[in-house]
2 protein chains.
Amino acid sequence: MRFLSSATAQDGAREQVFSVGEVPGVLWTPEGADGPRPLVLLGHGGGRHKNAPEIRELALSCVRRSGYAAVCVDVPGHGDRPVDPAYDDLARAHQRRVEDGAELAPLVAEFQALVARQTVPEWSAVLDAVRGLPYVGERAVGYWGVSLGCGLGVPFVAAEPRVRAAVWGLGSGVANAAEAARVSVPVRFLVRWDDERVPRADSLALFDAIGSAEKSLHARPGTHSAPPEAYELDDDLRFLARHLSGRA
Amino acid sequence: MRFLSSATAQDGAREQVFSVGEVPGVLWTPEGADGPRPLVLLGHGGGRHKNAPEIRELALSCVRRSGYAAVCVDVPGHGDRPVDPAYDDLARAHQRRVEDGAELAPLVAEFQALVARQTVPEWSAVLDAVRGLPYVGERAVGYWGVSLGCGLGVPFVAAEPRVRAAVWGLGSGVANAAEAARVSVPVRFLVRWDDERVPRADSLALFDAIGSAEKSLHARPGTHSAPPEAYELDDDLRFLARHLSGRA
């Protein structure tokens, strides 16, 4: 783990840019933090990056309200990572098939499954590194990610026993039902009722598939890219706090 | 309005049994309350009554956490109200039709619509009376009701402009879609994913039909009669507080 810039601090939160191997990330912790605390890994959306405003706002809320650490890394082909010709070629091939009339959902699912084979081990390596810091430590880990952050987050949470609670949303059972069935930690699942990219039935099918005894679905009107309501994010944080605080 | 027993108080909440005309009710207010405050009308479930434990617990939470008033009255044929032969005859006739293979949902809808023609004006009269008390007053009104409390609550909220926010659940679009479409106040809608009495599609159809710009659906595993989780009730109270506090 290498820190790439000096830490900046503001309103009680410290922000550090780092890399683990080829993976650039941002870590947020409470200013002056000096012991172990729960850690939330945030998965950014498609075309977004580790320090996008919506990610940063959520990370800072984890730090300021809950005293947690939060971390987000760039997905391959996003943010500070180089363009990957293999992913780019596949994305273009998919685009042509959609223009020729192919259904979008199975192609998105196929693409995300391919990317997840790379991001699942990358994110686990980031957990190893970040939890090695004395001011983060080895407490419970939470996951938050919608859209691409759900498509990559479901296989990650299914594979990673250190994650004890997850917020997912705007995802599809076409992509992730099999991995979702292997998950047993509490899941909060967000749906946009007018999502134009994920058919409602696919979205409900993913919720159905989640193996956890404690799971809840929260739907509101709006399209795929509608920004989350402030009270929705409050509820996300309250859910994570209920499951991460006090656990080893 | 007649008070039928002396008030009892406990842990900061005062409980008064009353009647308005033929309608018996219970009013909960903060001990020593002496000015206007938001009021939550609770609709009890089928076979339950105005002072059932789940109603009482929610009412006391409205009082203790939010400083609100809460009120619940017996639905015809429930609690301290006499058996109504007309309703009883109809219920028995429906029961026979179900045994002969008729679909349950349209019969429940027909029955609840009939009862609502009586309860809507009764509940409005209770609002008139309770809001006339100086320690309740004329602030915003909220509604909470699931199952029968949803079936009767949708037509009530559609008809009653003093209600500014509603929590409904375990209800069906077969019964209430037309009235739900006329509602414009914020609605929080609760679904049991494994509800054996309300088919999932009917439940989603009711959420779909709600006319409000701000509405949200919250689904959890469980059957029709699964008791609400404590954190679900917390979220209900937080929703009501967001919409009722500070409004005239």
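The legends below describe close-up views of a predicted model. Residues are numbered from 1 along each chain as its sequence is written, and chains are lettered from A in the order in which they are written. Local features need pLDDT of at least 70, side-chain atom pairs count only at pLDDT 80 or more, and totals for chains, interfaces and linings use all residues, while side-chain values use heavy atoms, with hydrogens and water left out.

**View 1. The contact between chain A and chain B.** Chain A and chain B each give 18 residues to the contact (heavy atoms within 4.5 Å). About 1,700 Å² is buried between the two chains, and carbon and sulfur atoms give 55% of that area; buried area is the accessible area (1.4 Å probe) that two parts lose on being put together, summed over both. Of the area that chain A buries against chain B, 29% comes from A:Trp193, A:Pro221 and A:Tyr231, more than from any other three residues.

View 2. The interface has 2 salt bridges (a side-chain nitrogen of Lys or Arg within 4 Å of a carboxyl oxygen of Asp or Glu). A:Arg200 forms a salt bridge with B:Asp208, with 3.2 Å between the closest N and O atoms.

**View 3. Strand β10 of chain A against strand β10 of chain B.** The two strands, each spanning residues 215-220, run antiparallel and are joined by 3 bridges. Strands are DSSP runs (E, at least two residues), numbered from the N terminus, and two strands pair if DSSP finds at least two bridges between them. A:Leu217 stands opposite B:Ala219.

View 4. Strand β3(B), residues 13-20, runs antiparallel to β4(B) over 8 bridges, with B:Phe18 and B:Gly25 as bridge partners. The hairpin of these strands has 2 residues between them, and B:Gly21 takes a positive phi near 60 degrees. β4(B) also pairs with β6(B), residues 69-73, in the antiparallel sense over 4 bridges; B:Leu27 has B:Val71 as its bridge partner there.
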